[in-house]
Amino acid sequence: MKIHSILIVDDDENDQFICEYTIRKFDPSIRIIKAFDGAEALDILHRETPNAIILDINMPVMNGFEFLDRYAEEFEVHAPVVAMLTSSHLGKDRERAMQYSFVKSYFEKPLQADHLRIMADLLGA
């Protein structure tokens, strides 16, 4: 299975740009949806269902972990691949993120084509 659409959740416009650039180089047919915090992402997910989500941890309004808590509560069906993409090098953040059954990967910024390959492989699994 391939990645058809990705929701990028990150408050930093530069990181959003890098993600979009990397995704377009990887596969220009992937539909990109953007949110700048967890609350905006939840609003989008009530209307759209991407098959992958890339999520930052440190954001204003609603951070990545707050988003994961709400996402787990509000949605019975989750995107097949949720990947954390963060600048956090803390093992405790990785451990906390991977406790959610729908979080499949944890990557350090910036997004790379190898990350997208892993996500695509997870969709095929």
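Is D56 buried or exposed? In this predicted model, D56 is buried, at a relative accessible area of 4% (buried, under 20%; exposed, over 50%; partly exposed, in between; 1.4 Å probe, protein chains only). Residues are numbered from 1 along each chain as its sequence is written. Local features need pLDDT of at least 70 and side-chain atom pairs pLDDT 80 or more, totals for chains, interfaces and linings use all residues, and side-chain values use heavy atoms, without hydrogens and water.

The whole structure holds nine salt bridges (a side-chain nitrogen of Lys or Arg within 4 Å of a carboxyl oxygen of Asp or Glu). D56 pairs with K109 at 3.5 Å, N to O. D56 sits in the loop between β3 (52-55) and α3 (64-74), and K109 in the loop between β5 and α5, 53 residues apart. Shared partners join D10, D15, D56 and K109 into one network. K109 is partly exposed, at 22% relative accessibility.

D15 also forms a salt bridge with K109, at 2.8 Å, N to O. D15 lies in helix α1 and K109 in the loop between β5 (103-108) and α5, so this pair ties together parts 94 residues apart in sequence. Helices (H or I, at least four residues) and strands (E, at least two) are DSSP runs, numbered from the N terminus.

Within helix α1, E20 and R24 lie four residues apart, about one turn of the helix. Their salt bridge has its closest N and O atoms 3.6 Å apart. E20 is partly exposed, at 21%, and R24 is partly exposed, at 36%.

Helix α1 also meets α5: T22, I23 and F26 contact A113, L116 and R117 (heavy atoms within 4.5 Å).
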